[in-house]
Amino acid sequence: MLQDTIGFVDEKSESRLYVGNLDLRINEAALIKMFSPYGKIISEDFLWHTRGPKKGEPRGYAFIQYSSKGEAELAKEKMHGRLACGRPLVVRLASDKLLEDSSHDRPKRLLPEANRTRSASGSSSGQMSRDEKVAAIKNKLKALEEDEKQRDPKKLKRQRSL
């Protein structure tokens, strides 16, 4: 059994495959048809965009759960790199993806200024307080006014006199 940073990865995740680089023309039925020769598929999760301009379109990856780890490894061996609609499939055990994501070798993303000050103040919820939101809006308005003043000082005076 594999272990991640939180605890143990269960046996089900060892028989679960990540399938990536899917062409947008590949649907759930086609995916199941491609992977069913390698074992009994007990579930599949085909991911879709749930919001934004791509809402309802495929995300380009899915997860397939086999009944055993051996079936999943066989499918990985046979399908990784295979062309589907002109694109090479990326197939790996989902548990490998979990371990890769938890690695500490990746460069850390820098937090935006607002998040750094919030973290320093002790708020760990990831939500800005009302005062922080108001301060951020005021700073943004001030920056916009300064920018506008540099472009056209007369226009700003007219707006303030209204």
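Here is a stop-by-stop walk, from the whole chain to single side chains.

Before you click anything: this is a predicted model, where local features need pLDDT of at least 70, side-chain atom pairs count only at pLDDT 80 or more, and totals for chains, interfaces and linings use all residues. Residues are numbered from 1 along each chain as its sequence is written, and side-chain values use heavy atoms, with hydrogens and water left out.

**Whole chain.** Helices here are DSSP runs of H or I with at least four residues, strands are runs of E with at least two, and both are numbered from the N terminus. Of the 162 residues, 22% count as buried; that label means under 20% relative accessible area, with exposed over 50% and partly exposed in between (1.4 Å probe, protein chains only). Take contacts (heavy atoms within 4.5 Å) between residues at least 6 apart in sequence: 57% of them join residues at least 24 apart.

**The core.** Select Leu17, Val19, Leu22, Leu31, Phe35, Tyr66 and Leu89, which touch the most other members of the 19-residue largest nonpolar core. Such a core is a set of buried Ala, Val, Leu, Ile, Met, Phe, Trp, Tyr and Cys residues joined through side-chain atoms within 4.5 Å. At least two core residues come from each of β1, α2 (28-35), β3 (58-66), α3 and β6 (90-93). In soluble globular proteins, nonpolar side chains tend to be buried together.

**Tyr66 and its neighbours.** Now centre on tyrosine 66. Beyond four places in sequence, its contacts include Leu17, Phe35, Ile41, Ala72 and Ser15.

**Ser15.** Hop over to serine 15, in the loop between α1 and β1. Is it buried or exposed? Serine 15 is buried, at 4% relative accessible area. Its side chain makes a polar contact with the side chain of glutamine 65 at 2.5 Å. (That term covers a pair of N or O atoms within 3.5 Å; within protein, one must be able to donate a hydrogen and the other to accept it, and residues adjacent in sequence count only if both atoms are side-chain atoms.) Serine 15 also touches Lys69, which belongs to the next stop.

**Salt bridges.** There are 3 to find, each a side-chain nitrogen of Lys or Arg within 4 Å of a carboxyl oxygen of Asp or Glu.

- Glutamate 14 and lysine 69 pair at 3.7 Å, N to O. Glutamate 14 is in helix α1 (residues 11-14) and lysine 69 in helix α3 (residues 69-79), so the bridge ties together parts 55 residues apart in sequence. Glutamate 14 is buried at 7%, while lysine 69 is partly exposed at 38%.
- Arginine 16 and aspartate 45 come within 2.9 Å, taking the closest N and O atoms. This pair links strand β1 (residues 16-20) to strand β2 (residues 41-48), 29 residues apart.
- Aspartate 23 and arginine 25 meet at 2.8 Å, N to O. Aspartate 23 is buried at 11%, but arginine 25 is exposed at 60%.

Finish by selecting Ile137, Leu141 and Leu144, which make a nonpolar surface patch of about 290 Å². Patch members have over 30% relative accessible area and no salt bridge; nonpolar side chains (Val, Leu, Ile, Met, Phe, Trp, Tyr) are joined within 5 Å, like charges within 9 Å. Isoleucine 137 sits in helix α6 (residues 130-151) and is exposed at 52%.

Definitions and conventions: Accessible areas come from the Shrake-Rupley method with a 1.4 Å probe; for residues, only the protein chains shown count as cover.
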